Structures are given as structure tokens and as C-alpha cells.
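Morning, everyone. Have a look at it first.

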Amino acid sequence: MVDAETCEWDYIIVGSGAGGGTLAARLVEAGMRVFLLEAGGDPRLAQGPRLPEDYDVPGFHAFACENPAMAWNFQVRHYADEARQARDPKYSTERQGVLYPRAAALGGCTAHNAMIFMRPHDSDWDQIATLTGDPSWRAPQMQRYAQQLENCHHRPIWRGLRRLGLDPTGHGWNGWLQTERPVPLEALGDPQMRGLVGQTARNFTRELPTPLRSALRWLRGKGDPNARPWGGGSFEGLCYTPLSTADGSRTGARERVLQAATRHPERLHIELHALATRVLLDGQGKACGVEFLKGERLYRAHAATSSIPGRRKQVRARREVILCGGAFNTPQLLMLSGIGPADALHSHGIPLQVDLPGVGRNLQDRYEVAVTHRMQRPWQMLSKARFARGDPQWQRWNELRAGMYATNGAALGLVRKSDPTLPEPDIFCMALPARFEGYAPGFAELIRQHADSLTWAVLKAHTLNRAGSVSLRSADPCDMPLVNFRYFEEGSDSTGGDLQSVVQAIRFVRGLTAPPQARGLIAEECLPGPGVQSDAALADYVRNTAWGHHASCSCPIGPAADGGVLNSRFAVHGTRGLRVVDASVFPRIPGFFIAAAVYMVGEKAADVLLQDAAQT
């Protein structure tokens with residue numbers, strides 16, 4: 001048996017999430033030999049409570065985020081100012097941060113996310129093409145990657161008609177990632193939910209400047225946000241949230257990687273419980289390998305860090321090293337390897353390899369806030385729901401892959417512009433039959449305890465703030481980095497447009513729930529609460545409670561002189577044989593939900609690497 005560490009592999013990939021897992025599988029299928037490092041284990045095989053259900057069951061995704069077998073609990077700041085930060089009820093002075101859940105698992109954060117698969121806007125890709133002068137980033141080329149990876153199962157009529165050459169939807173039908181429509185919650189026998197969805201839909205269409213056009217789009221696309229709208233442009237209106245599920249069970253990067261490993265075991269080696277500590281450079285700026293620590297729960301973000309030190313190992317790459325650790329870990333690993341801002345590296349005693357000031361800068365996220373209500377009565381569809389193996393809903397899911405647990409809980413989505421003059425919609429509002437007010441320890445338990453709650457999650461996309469940062473806490477690779485998103489006034493949004501947009505979106509949601517018909521369903525607004533009415537009071541509520549869960553852009557594509565870290569082919573400036581392929585590559589945060597964009601980037605990166613390999 002060949003020792004994987006003594007072999008020389010074509011490529012070493014660090015991280016098995018939407019970017020790394022997708023890329024690894026494609027390279028292996030093209031005949032390359034790949035060594036894939038993952039700091040966590042297999043979420044379906046790990047020892048611990050609630051596994052594998054927390055991974056498999058879509059309705060358990062909040063519990064997957066807090067499952068100690070795979071949870072990485074980053075602590076981030078929204079503000080540098082302590083007094084300002086302390087107003088957030090989610091902030092812990094003891095931990096000096098707000099919980100930001102990440103997953104240490106095969107599949108990365110696709111092992112615990114809400115499985116929403118929504119493509120970015122065309123303009124998100126066109127902006128990168130304009131910035132770099134690389135036409136391969138233009139929207140038509142990038143949408144080809146979405147079609148390449150998607151196996152759409154939520155438009156059955158068009159799935160049949162496409163065989164006759166009729167397919168205006170833009171979906172992919174033969175890819176590796178199955179997508180499905182979530183179970184319509186109003187169809188689960190709960191009259192209160194049916195009433196809520198119906199009333200919201202009526203109120204929303206009256207809010208639109210052209211209700212007839214919205215209704216026609218709804219009839220054509222049936223609420224599919226990934227379908228091409230008539231006349232071009234981006235989707236606006238009522239929608240469902242397409243899910244990356246297969247027959248009611250989670251599917252994602254993990255399944256893609258394991259499928260490739262089964263078919264090509266001689267070409268793909270998966271090294272689990274392997275924490276990358278630095279990229280090995282040959283003295284000429286070429287990446288030639290990766291050093292890692294072998295052992296479980298070594299990283300201090302882990303819910304229960306091991307006291308046993310890891311074994312230091314190295315693995316060598318014949319062609320390239322690709323970092324796919326995400327917006328926090330990829331810039332940390334670059335800096336630990338001597339690639340980053342010179343002053344910061346010197347302060348930690350790290351020998352400088354490449355002075356690249358943009359590493360860890362430009363960190364971005366969505367802003368998200370909650371408008372929560374107590375309903376007149378508990379949801380019937382949550383009767384006896386304990387979100388655990390054995391309860392009635394779990395039995396229905398286990399036997400039929402149906403019912404409440406076969407979906408992620410999103411009852412309805414609304415896509416709109418905070419300002420009619422904007423080129424793209426920037427507000428996504430999602431109704432959840434649960435109490436969810438952001439990430440704090442035990443947030444999943446609130447969902448179990450409150451069967452009479454409704455949360456409107458308000459998400460602000462295309463944020464203007466680009467002032468967030470990831471910096472080293474120390475030179476110890478087991479330490480978490482320091483993460484500060486610098487929200488609102490501390491950030492780079494000089495106009496205050498982000499804050500105004502979120503305040504306006506809260507007023508919009510209140511308009512949906514205010515009519516007398518809704519009062520027969522909703523007992524009271526809990527947050528922000530009836531006492532919070534003025535723009536100033538709502539702005540303070542947003543400042544104090546907003547959160548995010550789509551960290552990105554910390555190693556952006558762009559010229560080094562302008563703070564960029566990568567060229568348009570994912571290569572790290574000032575190096576050879578070193579690339580980044582994950583959520584950190586975007587110059588500006590794309591779309592509403594980031595998983596689809598990262599999957600697409602993984603597919604594009606595979607083509608780029610294979611093209612370059614063919615020329616050497």
C-alpha cells in the first residue's frame with residue numbers, strides 16, 4: 001500500500017466545501033491525482049449525539065450548526081468599539097465575540113447550511129469581467145457552470161419539454177447537484193400557515209408597482225427565483241427557495257467528493273482530521289506542498305478542542321496547491337505561510353515571502369435582521385416536533401422523505417428592491433415558522449421551544465460596506481484569527497445606504513403583517529416590538545442585532561495595487577502554483593445566498609486549471 005504523504009500528487013486542495021470539493025472531483029475525473037485535506041471528519045460517520053440525522057434531515061440544519069462533532073464556533077466582532085458591540089444581545093464579553101458557526105466536516109459548510117440554491121445576479125459576474133478584463137467571467141459563460149452542476153427536479157414540466165427543445169428556464173438537468181422545491185409549508189395541513197401565506201401573497205402583490213406583471217411572472221416561473229424572467233433582468237417577487245436536496249435529504253460537496261473517490265480511488269486521497277498549517281514554498285515563490293497537523297479537534301474554534309497535539313506532516317504537489325478553506329481560514333493560512341501584509345507578519349515573527357496587503361482585507365457579508373411574532377396559536381405542523389429521531393415528523397421523513405423535516409423551514413420568500421432606481425433587487429425576506437434572532441449559543445434550542453413563533457428574516461444583499469478584516473491572532477495555526485466586520489458607521493458605507501435599506505425592509509415586512517386579516521393569525525410583534533417605530537429607533541435596532549452568515553471577499557480577485565489578492569485565474573499574486581477557490585475570491589459579495597456562487601466558481605476553476613495543465 002502506497003503512503004499518501006510520501007507520494008507526489010498533481011494537486012493538493014485544502015478544504016472540501018463547495019469550492020474545494022467541487023474542484024477536487026472535477027480534477028480527479030479529468031485524470032489528475034489529488035490529495036484533499038479536510039480539518040474535520042465525515043459528518044455522517046462521526047461519533048456523537050444526533051448524527052447522522054443532523055446532517056441528513058433538512059429540517060435539522062440549525063442543530064447541525066451546533067452539533068459538537070462538526071461545529072467550528074468562530075467568535076467575530078461587528079464593531080471595534082466595545083460599548084457599541086456590547087449592545088448586541090448575542091455578544092459575549094467572556095468570548096469577546098458573536099458566534100459565527102462554521103463546519104469542520106467533509107463537505108465544509110454545505111454540511112450544515114440551509115441548502116438554499118439561488119444563483120447570483122448576472123451583474124455580479126459581469127462586474128468581475130469588467131474589473132479584470134477577462135470575458136470568461138461574463139454572466140453567459142458563468143451561467144453555463146450553473147447548468148453544468150445542477151440537476152433540477154423542481155420544474156417537472158420543463159424537464160420533459162426540454163427533450164423537445166423547449167426550455168426557457170436556464171436550469172441544468174443533468175448535473176451532479178440535485179435541486180428540489182421545498183415542501184410547501186401551507187400544504188402540510190396547517191390552516192394558520194395557509195392563511196399566512198395567502199394573506200402575505202395578496203398584500204405583496206398590492207405593494208408592487210405592476211401587480212399584473214408580477215402575477216404573470218409567478219404563473220410562468222411558479223415562484224422559481226432561478227428561472228429567467230421575461231424580458232431579461234433579475235427575478236423579483238414571490239418565490240420559494242430551491243434546495244440542494246435529493247429526495248428530501250441533504251446533498252452537497254460531501255456526496256460529490258465521495259462519488260469521485262469511489263469511482264477513482266487511485267486518484268483521490270481524502271485526508272480527514274488534517275489541519276493545514278502552512279503552504280510550502282520552494283524559495284522561488286512556487287508552492288510545492290502543504291504542512292498539516294494530523295489529529296481530531298485541533299483547531300480552537302472546535303466546540304471541544306482536543307488536548308492531544310497533532311502530528312506534523314507534509315505532502316508534496318507536482319503541479320499546484322489550491323486553498324479552499326473559506327473567508328476566514330484561507331487568509332489565515334496565507335498569512336501563516338508568509339503571504340500577506342508585511343507589517344502584520346513581522347509583528348508575529350513570520351518570515352515574509354510575499355508582501356500582499358490585500359490578504360484578509362475587503363471582508364464582506366450580508367446584513368440580516370429578524371422581525372419576530374407570536375402567533376395566535378401554535379403551528380399544527382409543529383405539533384409534537386422535538387427535532388429529533390423518533391418524533392412523529394421524523395418518522396414521516398424516515399419512511400416517506402416527506403413532511404416538515406423534508407424542508408428547511410422557509411415558508412415563503414420575497415425578492416424586491418429597497419429603492420426602485422437600483423439596478424438589481426437587494427432585499428430578500430423569508431418567512432420562517434420558528435423563532436430565529438441570529439446566532440448565539442443555544443440558538444437551535446429556541447426553535448424547538450417556540451412552536452408558536454413566526455420570524456421574518458430580512459436579508460440585505462449587495463452591501464456597500466467593504467471594511468471587514470481577518471487578521472492573525474498569533475502565529476499558532478490552531479488559533480482562530482481575529483475577525484471584525486466593522487458594521488455600518490465603522491465601515492466604508494459613507495452614505496448609510498445599507499442601514500437605510502434594512503430599516504425600509506422592516507417597514508415593508510410590517511406592512512405585510514399589519515392588515516386586519518393578519519391580526520387574526522398574529523398575536524403580537526415581539527421584535528423589534530411595538531415600541532420601536534421611528535426611523536432612528538429602527539436603525540438602532542438594526543445596529544444592535546444584525547448578523548450575517550455569508551462571509552466572503554477576504555482574498556479578492558483584482559490588481560494587487562488595488563488590494564487584490566488573485567488574478568482572474570485564481571492565482572495568488574507574487575507566487576506560482578498557488579491558487580484560491582472559495583468564497584473569499586469575490587471582489588464584491590454576490591447575490592442573496594452564496595453557496596451556488598461558490599459551486600459555480602469551483603466548476604470554473606477546474607476548467608482553468610485543466611487548461612493551464614494542458615499547456616505544460
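Let's start at Val580: setting aside its neighbours within four places in sequence, Val580 is in contact (heavy atoms within 4.5 Å) with Leu323, Thr330, Leu334, Leu566, Phe570, Val572 and Val585. Before I go on, the ground rules: this is a predicted model, where local features need pLDDT of at least 70 and side-chain atom pairs count only at pLDDT 80 or more, while totals for chains, interfaces and linings use all residues. Numbering runs from 1 along each chain as its sequence is written, and side-chain values use heavy atoms, with hydrogens and water left out.

So where does Val580 sit? It's in strand S24, residues 578-580. Helices and strands here are DSSP runs numbered from the N terminus: H or I with at least four residues for helices, E with at least two for strands. Val580 counts as buried because its relative accessibility is 0%. The cut-offs are under 20% relative accessible area for buried, over 50% for exposed and partly exposed in between, with a 1.4 Å probe and protein chains only. And Cys526, 54 residues away along the chain, has its C-alpha 43 Å from that of Val580.

Thr179 is another one to look at, in strand S7, residues 177-179. Thr179 also comes out at 0% relative accessibility, so it counts as buried. Again leaving aside neighbours within four places, its contacts include Phe117, Glu150, His153, His154 and Leu243.

Okay, helices. Which helix does H1 pack against? H1, residues 20-29, packs with H18, residues 595-614, at an angle of about 35°, and their axes are 8 Å apart. Those axes are lines fitted to C-alpha atoms, for helices over the stretch in contact, and angles run from 0 to 180 degrees between N-to-C directions. From H1, the contact uses Thr22, Leu23, Arg26 and Leu27; among the residues on the H18 side are Tyr599, Gly602, Ala606 and Leu610. H1 is mostly covered, with nine of its ten residues buried. After H1 comes Gly31, with a positive phi near 100°.

Which non-glycine residues have a positive phi? Asn362 has one, about 70°, and it's in the loop between strands S16 (354-355) and S17 (367-375). Phe488 has one as well, about 45°, in the loop between strand S22 (482-484) and helix H15 (497-513). Asn362 is buried, at 14% relative accessible area, and Phe488 is buried at 5%.

Last, zooming out. The chain has 18 helices and 24 strands, and 62% of its 616 residues count as buried. Of the contacts between residues at least 6 apart in sequence, 72% join residues at least 24 apart. The C-alpha atoms fill a box of roughly 70 × 60 × 50 Å along the principal axes.
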